[in-house]
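Open the model in your viewer and get ready to select parts by residue number. We will take a few stops, one at a time.

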Amino acid sequence: MAQKAIREYDAKSILAKHWNKYFPDFSYAYETVLVTLGAELLEAAKAKPWLKEKSLVVKPDMLFGKRGKNNLVLFKDQKPGDVTLEKAAAWIDEKTKEEQSVYFSFDGDTPTGEPKIDRLTHFIVEPFTPHDQSEEYYISATVVGDEDVLYLSAEGGMEVEEGWDEKVTELAFSITATEEEIVQKVKENIPADVKPEDKENFAKFAIGFFKAYRELNFAYLEINPFVMQGTKIELLDMVAKLDDTAGFMMVEEWGDIEYPTAFGMEAKSPEVEAIEEADAKTGASLKLTLLKPEARIWTMVAGGGASVVYADTIADFAGIEDLANYGEYSGGPTTGETKFYAETLLDLMTREKDPQGRDKILIIGGAIANFTDVAKTFTGIIQAFEEYADKMKDVGIKIYVRRGGPNYEKGLKDIKEAADRLGLSIEVYGPETHVTDIVRMALEK
Amino acid sequence: MGKLFTRDTQAIFWNNNKTAIQRMLDYDYTIKREKPSVAAIVAPTSGNKFEKFFWGGNEIMIPLYKSTTEAKAAQPQADVLLNFASFRTAYDVTMEALNIGGFKTIMITAEGIPERLARGMNAYARELNVTVIGPATVGAIVPGAFKIANIGGTIENIINSKLHREGSCGLVTRSGGLFNELSNIIAINADGIAEGVAIGGDRFVGSVFIDNLLRMEKNPDVKYMILLGEVGGTEEYKVIEAVKSGKITKPIIAWCIGTIAKYYDSGVQFGHAGASANGEMETAEYKNKAMAEAGIHVPATFNDLPATIMEVYDDLKSKGIIGEIKEPEINTIPKVRRPKNFICTISDDRGEEATYAGFPISSVATPDTGKGIGDVISLLWFKKQYPKWATDFIETVIKTVADHGPAVSGAHNAKVTARAGKSVVESLVTGLLTIGPRFGGAIDGAAKYFKYADDSNMTPAEFLGYMKKQGVPIPGIGHRIKSLKNPDLRVTGLMKYAAEHFPSHSLLDYAKTVEALTTSKKENLILNVDGTIGILMVDMWRALGYSEEEINEFIESGTLNSFFIVGRSIGFIGHVLDEKRLAMPMYRHPMDDILYDVQKAEKL
């Protein structure tokens, strides 16, 4: 996936790093730290005296919003703006002690839907910034269809989210829009409710913001709200996504960036992590997502498109309850890479028997390859069979193979012979059989 | 009209991807194309000038260039760029090609080009009316005409899937692997495809479904279209609009894959980068439903797609819209092919009569042909027919350098060897072996340095200064006894010939200004015969239309010395035969002509 969310802290750091380029007329103090524990915050205060001198605000920085409604923003001890360093550190330690429930949608202030439960691990700590509501503004930018859209509003915070259609000015720009066109359009479309004395600065800030969004390869960038006091800017809350395919040319601009797993996402299993690691090292593609490891249908499918078609077809024939995984290998992986991929799947698949005592089903599918050597990749799968044959027989696995492409006859013959030799149940089909028809065959039995 | 490629379409292939290029040429050979579909390869880091590929059982050479600019200049007819650069450079390669111009279609294979760059590149191409296929694609094919790289897979699969000849379906997919699969399904259930494009899996691709379908609507060979979409994006709605507004009237069969995605939250990425639904409208299910409502043929599941295709095809056939296809004859690629160890591009002895660069020997040999040794040299050395003024000049040079008496080192060597009782060839070779930087090499050197000075716009004084800095006496300047007052008549003759017959002689004119300066310093620092020959050779090539780079290559490869070698061989052989005729005894150098200064070796 090309667009990846980053932490608020990193988003602010990137803007701060390039502040003078994009916002030469404004000042931003960039007083912000990211910590995982209270002790870390106390340590940080040695180098950053403002942490001791100012009252603080603490929020989890883990790619989720609605932190205020979830009671996860610390801005007051007894009264707003009295949070000390010690209080902040203690609060962080308290919140990390046990798992927290976070709701993602609210009806008014009432949470709706199921909460996600996970541990809080990252917090952003900043000075409490007293300001007037009228100094809060909203700005964001993202890609919609083929265009970049800049959203501007004279009102920030919750209000803009709740009154989006009336309160937000949308400005769309083509990718080829020149700087002059952008400047002119922004200047002509400053929201009417922006205070008259702020109008010129608001335009300047918006132009710089949009330029930074484009040049720094953000896929999404939102400041809600920012506070404008003359030429002094505070970024109260930010959300950002980067186009990670631009990473190779943004090494300097982005610095050391991390793409965290969202709060509440199940931690990746070691098997999935191992596949991701292998994927990162090869020019080929190896992908694995575990959907329901106790389910009985496993897929080992070649190709990004074909893997989706197989998943669709399994859902059509058996429903998703029986589908254990989604994944694909493609782009001509080596025999060794395919062996590793197959072993990882077979290992997961042979851990438990089907609770209902049925045979498990392994779909080794694929379309007709353009350039991947089928015999070579199947050699890797055969080697994995040899390692796992006993376990596979123990659990009871029926294998269905369908594949075409370079050297497919040899590949199919080899895998059939190997399975027969190892005493595994297998059916093998080539391009004369419809790509997903093995799913029907497997499930009709 | 409306066709993406024809049987004459040629491509420039950026990156020397030998397997993919060989696949294209195998396809070309199979479908009996006249010219290879790859006209040139851009290989920025290769030092080679060509790459060998099989053409059936034979081999052909495809020229290699360092840049797209060079390749396009040499092969202007090639209007397709197959951009196989990595995701880091694919953008630059595309933009360069767009700026060079003259490309109708650019295909980009790299996956994961930064989105902003991809969008900019796609927009620029659209503005210039260039069709971009990809990024992140396996390509496109017009069966029986032109196939991009690996699309369709192996030649066996291509024939099984009827991709070697035109059918009646227009196929557009996102996925490359499923493109092959669909071609196979269409071959089994209908009569194959007339044109097919895999638009690519990245979020921002150049040509989208609607661009390709609108072109196919106008292509009379396409009778119906198949669209294989994916979850994510809203491109399918543009197709629905075109159907509703009547812009597309041919039947469309369509299916969006990824119906499973609705069961999982957005954390599960199914398939391609472009395949992620934002909102209900982008789900596969919603799109399938909307397409069906617009009158597009949408099967109940992907597994039912073959039946739908057969139904639409049978209907069109029964109405006479689709006719019978006559299966064309094809060439078969030999099972075993061996690359050749040697290449010959100058002569051929396989036919009735051996040829020099395509000319039977008899057509250049006898006097009635009007051809001389200069013509033979121009054919065998340069693979060109030089005009008479040039072949006459070559002959003049050879005659001029044929001999310079017995005392020069080469002739002396040949004579000594002959007197040792060795054969003509052995004696000749010992003479030839002396030719090099000090003997005869002034022709090469003069051409090289004078050309360099002229190319760099040096004044004669600057040139002298430059040579002094190099620590090299100017090659081609100076004679033992001849001077301005006592000119070398060979030089006078060559210059007179050039003045009368050369269309232009800019380097000679420059050399004369240099000579004016050197002779003002010393009488005998004249332009000598070696220098004049070297300089006039450059003028000859310039007048014949060779580029400066080509002329530099001639100089680098020692072509100028070759004229000296050929000419002087005549003289050496004369000296050797002279010795034989005189039956001269073994030669021993007189001892009194040697300065003996031998010290006793020290012990270390």
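Start where the chains meet in this predicted model. Chain B puts 45 residues into the contact, and chain A puts in 45 residues. Now colour the side of chain B that touches chain A by class: 16 residues are nonpolar, 22 polar and 7 charged.

Which helices supply at least two residues each to that side of chain B? Select 115-127 for helix H4, 155-160 for helix H5 and 176-189 for helix H6. Stay on H6(B), as the largest share, 7 residues, comes from there.

H6(B) also belongs to a right-handed β-α-β unit, together with E10(B) and E11(B). Select strand E10 of chain B, residues 169-173. Is this strand mostly covered or exposed? Mostly covered: 5 of its 5 residues are buried. Show the side chains. Cys169(B), Leu171(B) and Thr173(B) point one way, while Gly170(B) and Val172(B) point the other way.

Strand E11, residues 193-198 of chain B, pairs with E10(B) in the parallel sense over 5 bridges. Find Gly170(B); its bridge partner in E11(B) is Glu195(B). Strand E12, residues 224-230 of chain B, also pairs with E10(B) in the parallel sense, over 5 bridges. There, Leu171(B) has Ile226(B) as its bridge partner.

Last stop: select helix H14 (residues 409-419) and helix H22 (residues 559-582), both of chain B. They pack at an angle of about 35°, with axes 9 Å apart. The crossing is right-handed. Zoom in on the contact: Ala411(B) and Ala414(B) are among the residues from H14(B), and Phe572(B) and Val576(B) among those from H22(B). By class, this contact has 5 nonpolar, 3 polar and 5 charged residues.

Definitions and conventions. Residues are numbered from 1 along each chain as its sequence is written. Chains are lettered from A and ligands numbered from 1 in the order in which they are written. This is a predicted model: local features need pLDDT of at least 70, side-chain atom pairs count only at pLDDT 80 or more; totals for chains, interfaces and linings use all residues. Axes are lines fitted to C-alpha atoms, for helices over the stretch in contact, and angles run from 0 to 180 degrees between N-to-C directions. Helices (H or I, at least four residues) and strands (E, at least two) are DSSP runs, numbered from the N terminus. A crossing is left-handed if the near helix is turned anticlockwise from the far one by less than a right angle, and right-handed if clockwise. Two residues are in contact if their C-beta atoms, placed from the backbone, lie within 7 Å. Ala, Val, Leu, Ile, Met, Phe, Trp, Tyr, Cys and Pro count as nonpolar, Asp, Glu, Lys and Arg as charged, and the others, Gly among them, as polar. A residue is buried if 20 or more other C-beta atoms lie within 10 Å of its own, exposed if 12 or fewer, and partly exposed in between; C-beta atoms are placed from the backbone. Two strands pair if DSSP finds at least two bridges between them. A crossover is right-handed if, with the strands pointing away from the viewer, the path from the first strand over the helix to the second runs clockwise.
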